[in-house]
Amino acid sequence: MKKKVLFMIAILVVAGTLWGALERVHPFGEPARAPMDDYYLQNAQEERAVNNIVTAIVFDYRGFDTLGEAAVLFTAVCSVLALFRKGGGHQ
Amino acid sequence: MKPLSVVVRTICDIFMWFMAVYGAYIIIHGHITPGGGFQGGAVVATLIAFMLVSHGGEKMVSFVRTGMYSAAETTGLLLFICAGFFGIATTFFYNFLAKQGGLFGSTVPLGANSGVLNSSGTIALMNMGVGLEVIGGLSLIIYFMFRGIRLHVETGSEETGHDR
């Protein structure tokens, strides 16, 4: 019973949040102002001498984020190697 | 896994290297075309899965040298971090090679153009580093997971080279 009430409250909170967000959506075809996007599109080619703006963002403007992704991959490989190491855990 | 028939194995032997070249192309042209280190590395890493399916486990395990893949993974990550640290005269991850001339240093014409391979500075370098890391990492994951599964099932010896 207590669990059901908690679930109902959680559902109401999530639904209210989503409804509130939906009411503030800008109309279709009229995107909100995004000065950051415009800056990248206009200046990346000149500043970094790169044609692919997406790569410029991923590896240059947001390079630190990509370092985290590479570290995540490295950690995943390390954990797989630790899990499937020779000998196994059942001996 | 048992090896598949001779037709599949022959096609695999030929087609495998086209896949490797295609993945290397995606990595090297990461700053011009859609794609980059992660995507190209994943394409190259399919090579080992391809080999596992067509040639069977025994041959794949004997073919793979894990030290080489491990070295590729570590080298890639170190290259990436070093390329980030070398720009620290300005900021961390500053693109110190772009528009300087020399390695990856040429400029691109503004507006739509067909692309210059020797451009974009550390972006190309980091693409190669990440590509090496993804090749090594995903190949090692496939290899060790297959070996771990085989260890648990403990099947008898596999036959190699015979047609089914």
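Helices in this tour are DSSP runs of type H or I with at least four residues, numbered from the N terminus. The model is predicted.

**Stop 1: chain A.** Along the principal axes, its C-alpha atoms fill a box of roughly 60 × 50 × 20 Å. Of the 91 residues in chain A, 19% are buried.

**Stop 2: the side of chain A that touches chain B.** Display both chains together. Here 22 residues of chain A are in contact with 35 residues of chain B. Next, select H2 (35–48), H3 (53–61) and H4 (63–83) of chain A, each of which supplies at least two residues of this side. The most comes from H4(A), with nine residues. Coloured by class, the side of chain A that touches chain B shows 13 nonpolar, six polar and three charged residues.

**Stop 3: helix H4 of chain B.** Now select residues 66–85 of chain B, the 20 residues of H4(B). From first C-alpha to last, this helix reaches 28 Å, close to the 28 Å expected at 1.5 Å a residue. Highlight its buried residues: B:Tyr69, B:Ala72, B:Glu73, B:Gly76, B:Leu77, B:Phe80, B:Ala83 and B:Gly84. These residues lie on the same side of H4(B) because they cover an arc of only 135° around the axis.

Key:
Residues numbered from 1 in each chain as written. Chains lettered and ligands numbered in written order. Predicted model: local features only at pLDDT ≥ 70, side-chain atom pairs only at ≥ 80, totals over all residues. Buried ≥ 20, exposed ≤ 12 C-beta atoms within 10 Å, placed from the backbone. Expected span 1.5 Å × (residues − 1). Arc of directions from axis to C-beta. Contact = placed C-beta atoms within 7 Å. Nonpolar A, V, L, I, M, F, W, Y, C, P; charged D, E, K, R; others polar.
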